[in-house]
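This report goes through a protein model place by place. Please look at the sequence and the structure below before reading on.

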Amino acid sequence: MIIALMAFVACDGGKSDSTGTADDSSSESDTDTDTDTDTDTDTDTDTDTDTDTDVDDTGTGCEKFDWYQDLDGDTYGGGKPTHACDAPDKAWTQTGGDCDDKLAEVNPGATEICNSIDDDCDKATDDDDSDVVLTTWYTDADGDGYGDTSGASFESCTGAGGYAPDDATHPPDCNDGDDTVYPGAPELCDDLQQDCNTKGWAGDENVATWYPNSGGYEDWTSDLTAGKSGAAAVVKIADDGELVICDGTYYAAINVTTAYDVTIRSLHGADFTTISGGDDARPIGVFQDNASVTVQGLTLTEGNACYGAAVGTIIVSSCSAGGAGGSYTSGVTLNLLDDLIIENSPTLIALSAIYVGYGDILNLDGTTVRDNSVQGFTAVNNPVSCTGDSKTDAGIWGNNYSAGFMWSIVVHGTDPYTIESASCDFDGSGGLYTPTYDLSMQNYDGDYDTWDFGDDANFVCDATAVSCSK
């Protein structure tokens, strides 16, 4: 008979259960132990040492950076950064520290210069910054803002009285004894070179300078050179002073509108400087009562005006073949010294090349009035004097009418209206109306007479009495 044995294995490791079933003490035990010692020796030694970045915790694995907004485009940003994988846009940079993000020249990489600005963002400015590029200051004896590099000097951001900086905008002065001479100075009509650039300079030409009596100077070159033939530039003198005009031809109408003393002169004389009316205007006009005007060393030509083609003291408001409308000035003293008044040919009939009247005084000294298509001068109720030299041709001759006309049309106290000549040339060469005399005179009573004098004449004529004495 076969007896079947059943073994029960307890959960507590082989002990019998409570029923008294024998303990399984069999020596056969389960020794099938997992002894797999194949360990993974491939260790990851690639350690991330970048402490300025971190990994995006959203799971994308990108690295984040600090980004600074760069408003001025100098590659340095300012303000608080934003932390992101990529720049918000092109105007952001990973480099911060910009202390003024509105100025591209200010950033931590800039050079500190003397300008009262912390250029390199190190919280130090100008002389207080050891990195500053100092300015060299040289003696400026004439006070024009440009220094003498051969004189005393010192280095600093700020200068001192009597010194000028040596920088890109203040190159060395070529004449530290003249405050009108410095690099880039405007040229003055004085045969000195003001701008310190000698290249191509042979003397002042086509330059005009106004010197007010109050001091200083003004460059009037552009005013005098703005005109052309047929379109003369109008230049007004409304203050007392001197206008000096260098060699050249200027198409201009120079009008004096001030009662003060005014001088209009050339630098080298009438052979070198010409004021042309351009067949369009009168070269010289005096339009203010009691003005004292001296015109010296100029050629006045191509004038066109109803009264006084070249020089006049009448303000013309209208002009026609039948005459002109306007008003006279009074109390003017007009001195023409060493001038040449030549070839003034107005399109409408004009009484004379020079016209003055009603108490004005005309003095011709060393001046020649010739080859004009009208008579030399007309004087209305005013005295005229002419001074010449036996060695010159000064005087009034060769015009297309008489040399001059004296006209006394009102009684003015007991002062005679005279013309006086001291060695002036007179010759009414004729043409218009074919006159055969040098001077004609008419007084307020209608009395009229003519006179001839010739060269180097010495005489005095009284227009009120219509008489002359030699």
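## Val234 in strand S10

Val234 lies in strand S10, which covers residues 233-237. Strands here are DSSP runs of E with at least two residues, and helices are runs of H or I with at least four residues; both are numbered from the N terminus. Val234 is exposed, because its relative accessible area is 55%. Buried stands for under 20% relative accessible area, exposed for over 50%, and partly exposed for what lies in between, with a 1.4 Å probe and protein chains only.

Leaving out residues up to four places away in sequence, Val234 touches Ala253 and Asn255; a contact means heavy atoms within 4.5 Å. Between the C-alpha atoms of Val234 and Arg282 there are 9.9 Å, and the two residues are 48 residues apart along the chain.

## Basis of the model

The model is predicted: local features need pLDDT of at least 70, side-chain atom pairs count only at pLDDT 80 or more, and totals for chains, interfaces and linings use all residues. Residues are numbered from 1 along each chain as its sequence is written, and side-chain values use heavy atoms, with hydrogens and water left out.

## Nonpolar cores

The largest nonpolar core contains 59 residues. A nonpolar core is a set of buried Ala, Val, Leu, Ile, Met, Phe, Trp, Tyr and Cys residues joined through side-chain atoms within 4.5 Å. Leu224, Leu243, Ile254, Ile264, Ile354, Phe377 and Phe426 have the most contacts inside this core. Strand S12 (residues 248-256) supplies the largest share of the core, with 4 residues. A second, separate core has 5 residues, among them Cys306, Tyr307, Tyr355 and Val380.

What does Leu243 touch, not counting residues up to four places away in sequence? Its contacts include Leu224, Ile254 and Ile264, which are also listed among the residues with the most contacts inside the largest core.

## Thr294 in strand S16

Thr294 sits in strand S16, residues 292-296. Is Thr294 buried or exposed? Thr294 counts as buried because its relative accessible area is 14%. Apart from neighbours within four places in sequence, Thr294 is in contact with Val262, Thr263, Ile264, Asn335 and Leu337.

With Asn335, Thr294 also makes a polar contact, side chain to side chain, at 3.4 Å. A polar contact is a pair of N or O atoms within 3.5 Å; within protein, one must be able to donate a hydrogen and the other to accept it, and residues adjacent in sequence count only if both atoms are side-chain atoms.

## A three-stranded sheet

An open sheet is formed by 3 strands in the order S6-S5-S7, with antiparallel pairing. Its edge strands, S6 (153-156) and S7 (163-166), each pair on one side only. From one strand to the next, the twist averages 35°; axes are lines fitted to C-alpha atoms, for helices over the stretch in contact, and angles run from 0 to 180 degrees between N-to-C directions.

Strand S5 (residues 135-139) is joined to S6 by 4 bridges, and two strands pair if DSSP finds at least two bridges between them. Across this pairing, Thr135 stands opposite Ser156 in S6.

## Aromatic pairs

There are 8 aromatic pairs in the structure. Rings of Phe, Tyr and Trp (its six-membered ring) pair if their centres lie within 6.5 Å; planes under 30 degrees apart count as stacked, over 60 as edge-to-face, and the rest as tilted. Phe65 and Trp67 form an edge-to-face pair, 6.3 Å centre to centre and with 75° between the planes. Phe65 is partly exposed at 22% relative accessibility, whereas Trp67 is buried at 10%.

The ring centres of Phe154 and Tyr163 are 5.0 Å apart and the planes stand at 75°, so this pair is edge-to-face. Phe154 is partly exposed at 27%, and Tyr163 is partly exposed at 28%. Phe426, Phe453 and Phe459 form one aromatic cluster.

## Positive phi angles

Most residues other than glycine have a negative phi. Asp191, not a glycine, has a positive phi of about 60°, and lies in the loop between S7 and strand S8 (208-212). Ser423, in strand S30 (residues 418-427), has a positive phi of about 65° and is not a glycine.
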